[in-house]
Structure formats: C-alpha cells, structure tokens
Amino acid sequence: MASRTRGIDTRQRLMKELKAYNKEGENETFLYLRPVNDEDLLHWEAVLKGPAASPYEGGLWGLDIRIPSDYPYAPPTIHFTTKIAHPNIAWSTGEICSSLNNDWKPTVNLSGILAAIQLLLTVPDPDSPLNPDIAVLMRNGDLAGWESVVRYWTEEERWQGVRW
Amino acid sequence: MASRSDSVNKVATLWAGSGQASNATSSVAENVAYRFVLDRKVQTISSNGMPDDGLVSGLLFVPTLEPHDPCYDITASSVPPNVTRYEDVSDFGYSLVGLAPWVTAECSLSFLSAAQKVGTHAMIFFQPSDNETDIPPDSNDSRWATNDGDKWRMDNNYPVYAISGPAGATLINDLSWYSNKTPDSNRDEWTEDFALQTETNRLFARIETGKETEGASPSIWSFVLAIAGTVLILSIILMIIYRLVLRKRRVQLQRRVNAGQVDIEALALNQMTVPQEVVNKMPLYTYLEINPPAEPTLPQDNTSANPIDHDSGDKANSLPPNENNHTQDEAGIQKPEAAMIKPGQNESRRSKYRLSHTQTTCAICLDDFVVGSSTVRELPCGHIFDPECIDPFLTRNCCLCPLCKKSVLPAGSYYISVTNEMVNREHHSRRP
C-alpha cells in the first residue's frame, strides 16, 4: 500500500478493477473495458453499448479513457472515438459534457462512469449542448426528427471493431 | 447698502440684479433710514466697463442736461426740479451712479454724454411710460434702440442698467428729498432732526449683478445639482440598507452552517477540505475489534442506529442477506438492517448493528479488510475506509463521505465564511 500522504496505489486499484471486469464478462453497459496495452495501465479503451428502449439502442461506440495518476481521487478523462449524435457530446472531438465529473467520488469506478455515460444517452440535456445541431432539434420539440437522426447515426457510425 | 462716513449718512438704495442679493443680504438688512430694494428686477442693457464681480455702487444723481438742449424740456415731466444733481454729490468723493428717464433715444444719449462728462461709474434708465413693475426688457429690445446703433455702448465706458418705470419714478422722486434743495414749503412738515439729516444724506446705489452669462443658468444648475445630489444620497442610503440586509443574512446563514443545520452539498461546499486535526479525531481502530463500550447501549439506541443503516442501504442491499443474523438477541431489534451483515465475517452479535460491520472492503482501494489486522478509519456517518485511502481524500479533495456524501465535519467546525452567493443558493435550495 502506498504511503499515507500519497494515498492509495492507483495501479493496484486499476488491476483490481480490471480483474473484476474480466470476471464479470458480458453485461448491459459495455462490450469490453480494458487497458489499451500491457505497458500503460493509465490508458484504457472501452466499447459502450446503446441503452435499451432509446434511439441509441443497438449502437456501439468506442471510448478512449485516460486515467490521471491520482485516480481514484480525480476522475478519468473519457471521450468518444466513434461519432455519436448527442446534444451533450461533441460531434468532432467526442468530448463529453463535463457535468459527469462534478459528481465524481473515489468510490466510483470505471464501469460506474461508463454506466453514467450510458445513462446520459437516455437523458440528454439540450440546454448545455456540445452538439448544438442535435440540441436544437430537441429544443424545438422535433423529437421525431431528433430520434430519426440519432437512429441514423447510431447505425451509420456503429463501432466496427472485433471483440478481442 | 452703506453707512459710509460722517459726511454721507445711512441712506441708501439698492438693486440686486440677477438674483444675487435679497433682503437677507447683510448689507440690505442694515438699519438705514431709506431702503429701496429691487430684487432680481434690474436689467443690464450695457455691460461696458462692468467690474468682474458685477458690483457697482455710488451716490445717485441725475445728470444735468445743457439748458438749451430740447431734451431738457422733453424729460422735465419725469425729473423733479429739485432732484439730486451732480453738484449735490460731487463733494463727497464717492463714485457716482446716474439715474435718468428714457424718454427718447436722443435724450437718453444726451443724458449718457452728460453723465460721461462728470465721470459717472454707471447709469440707470427707466421708462416713465412703462407701467410694468417686472424686470425691464433686455438689452436687445427695440425700446432701448438708438439711432446710432450700438455706438453709444462703445462711447460710454460704464455699465448701463434699466429698472422698471414705476420703480424709476419712485426713485427719482425720492431722490428729490435727499438733495439739499428741499423746498422751504415742505420743511415745515419735517422734524428738525430729519431736516438736519437731509443736509448730508444722499441716496447710495448698490447694484449687484452676476456675470452676463450666468444670468439665468445658476438656478438651472443648482436645480440639476439638487436632483443629482438627492439621487446620490438616496442611492447611498439604499446601498447601505441593501448591504445591511445582506450582512444580516450572511450572519444568519453562518450561524446555521456552524450549527450544522444546512445541507453542505446544496451550498456547493463539497470542495471544502478537512483539516488534518479533524481527521485525526475520527475513530481509528482495528477492523472488528471495536469499542466494546458502545455495544450495550446500541440496542436501546435504535433511533440513532436506524438512520445510519438507511444511509448505507444502496450498498448494503447489494450484499447477500444472512439468515444467521436473525437469531437470538434482545427483543424488538430484529430489523431488516440486521440482514446487511455479511456472512462469513466473524463478527460478534453484540455489535452487528454497527454500520461499519456491513463493510468488508475499502471502497477506495477495493482491498478487503482483514479481520484483526486492518486498521480502519470510521467517519461520523459510520462508513469505514483504510486511513491511507480516506485521509488524503478528506484533507485534499472533499469533506463529504465518498459513499453517502454526508459531511464529515462536526457541527460548528465549518472553516468557511459565508458569501452572498451562498446565501442566494441556500435560499433557492430551500424552495421546493
């Protein structure tokens, strides 16, 4: 265990998380969640599943996860590597609305934050948009238009990788 | 107004032009035998040679026209025969102010040149035909026009004023009483004292005007200034009241924060960290070898134990229930929370109501606690962590429990000063 001033050992905790995810296997939130390579435990990738009963259902999106050295005291930085049409996710960069980080606690883990992102897909907030083009559809009440656009891009941009 | 010297006594007249003097002016209020005040009813029709301070004074006299001048007859009706003349005032050594009726332009020019000849300091005209008692028309009015255009203003190097017709008539009439040429017939009616006075008494004119341009503007400016001043004072008062109200609210909120009655998270105070000495005061003990003294009191202390257990409900519910816990114990405490205790942990029944016993893993490093060897830190909410995990978090990141978000700061130890923004936020958070 790390020294008292340093806090806990980030890598040890990440290894525990990784072990738990490998053990858990298939789930509703992500296809996989793992370090990009064996050398760097602070750089992870994941494939998020679209939440059921939403226009995003059936979608798959790649996520890039950067973990700070003082994790879990500080939240990881996550962005989409697959394009997604969502008011709170930037189309070009995949940046996610920062409100996710405001509720960060060290007891949240990576799968927890992926669940939070999945939840964000079902409850978009068009009032603080990172993708104004999509947000304006919602704001104008054109929910049918918004849904069809989301379904189109969910299908069109679906993550095409292979599972291992 | 003046009592000047032994040779000239206590008699004066005064014009205050353009609102500079009033009866409250000390010189006006002075006790004199004769006083004639024309407040704000003097018109300057030529400011030529006017002193900078706009103050002109001198003994009043009526300029004497040449006997062969036709104006002598024309103006005779407006000028009493025994009026004060230059000879009557020249001996006193004072500056002089001429007074004459404006009957025709030619005669006025004659008066002006006659006054110029004896070195007058100013000239006052009135129009005998004018019955208006208000301020006479200004210098551009056609009534003051002469045939030579404005040449007379240049030729006569002294200021020229105008007063109303009735005022001028009164004054020139009175001037005849102080001329040392009083007819004998009138003397009979006078007391001896007064007769003696008239020997040396002369009318003294004092004309105060502001600068030409300041004629009307000072009142407008003072009006504007008064409004601006009122607005300023009002806004200062309002500002002071507003600040006092804000201060009162801050003090109230500070009191409530210190008393622990405020939802710290709603105030966005979760960025607040915990001082090391407060962290050090939180219980630190070896896992499961805990304070036996707490145990006998707990069964009676359901009220305090229940909320703690409910707070951990989300986590505790995920743990498998343990049938073994529903066993023998004091009556009436077989509550659902007993089911939270994880099986296999060799905890004693006596302390199973403690929330800390439902936790087997440090939620930060995800390490399992080892019975009898792990040292744990218990937060006031009952959640336990490895001290090396929770202490840096509390001292560097946040004062809220990472699991239940309850503040770990004891009431009265909030090291913050309340701001207005916090008052507003708290106010809104209390609204439904």
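A polar contact is a pair of N or O atoms within 3.5 Å; within protein, one must be able to donate a hydrogen and the other to accept it, and residues adjacent in sequence count only if both atoms are side-chain atoms. The exercises below concern a predicted model, in which local features need pLDDT of at least 70 and side-chain atom pairs count only at pLDDT 80 or more, while totals for chains, interfaces and linings use all residues. Residues are numbered from 1 along each chain as its sequence is written, chains are lettered from A and ligands numbered from 1 in the order in which they are written, and side-chain values use heavy atoms, with hydrogens and water left out.

**Exercise 1. Describe the interface of chain B and chain A.**

Step 1. Begin with the polar contacts: five residue pairs, both at pLDDT 80 or more, are in polar contact between chain B and chain A. Helices (H or I, at least four residues) and strands (E, at least two) are DSSP runs, numbered from the N terminus.

Step 2. Count the residues in contact, which means heavy atoms within 4.5 Å. Chain B contributes 20 residues and chain A contributes 17 residues.

Step 3. State the area. The size of an interface is often given as the accessible area lost when the parts come together. Here buried area is the accessible area (1.4 Å probe) that two parts lose on being put together, summed over both. Chain B and chain A bury about 1,500 Å², with 57% of it on carbon and sulfur atoms. On the side of chain B, Ile364(B), Leu366(B) and Glu388(B) lose the most area to chain A, together 31% of what that side buries.

Step 4. Look for a salt bridge, that is, a side-chain nitrogen of Lys or Arg within 4 Å of a carboxyl oxygen of Asp or Glu. The rule finds one across this interface. Lys16(A) forms a salt bridge with Asp367(B), and their closest N and O atoms are 2.6 Å apart.

**Exercise 2. Identify the nonpolar cores and the residues at their centre of contacts.**

Step 1. Buried means under 20% relative accessible area, exposed over 50%, and partly exposed in between (1.4 Å probe, protein chains only).

Step 2. Take the largest core, which has 42 residues; Leu60(B), Met123(B) and Phe125(B) touch the most other members. Among the elements of chain B that each supply at least two residues of this core are β4 (55-61), α4 (105-117) and β6 (122-126).

Step 3. Examine one member. Beyond its neighbours within four places in sequence, Phe125(B) is in contact with residues including Trp102(B), Phe111(B), Trp144(B) and Tyr161(B).

Step 4. Note a second, separate core of 34 residues, which includes Tyr21(A), Trp61(A), Ile96(A) and Met138(A).

**Exercise 3. Compare salt bridges within the chains.**

Step 1. The structure holds seven salt bridges over all chains.

Step 2. In chain A, the side chains of Glu17(A) and Arg13(A) meet in a salt bridge at 2.9 Å, N to O. Because the two are four residues apart in helix α1 of chain A, about one helical turn separates them. Both Glu17(A) and Arg13(A) are buried.

Step 3. Arg66(A) and Asp64(A) form another salt bridge, at 3.5 Å, N to O. Arg66(A) counts as partly exposed because its relative accessibility is 43%, whereas Asp64(A) is buried, with a relative accessible area of 12%.

Step 4. In chain B, Arg377(B) forms a salt bridge with Asp391(B), with the closest N and O atoms 2.7 Å apart. Arg377(B) lies in strand β10 (residues 375-378) and Asp391(B) in helix α14, 14 residues apart. Arg377(B) and Asp391(B) are both buried.

Definitions and conventions: Core = buried A, V, L, I, M, F, W, Y, C linked by side-chain atoms within 4.5 Å.
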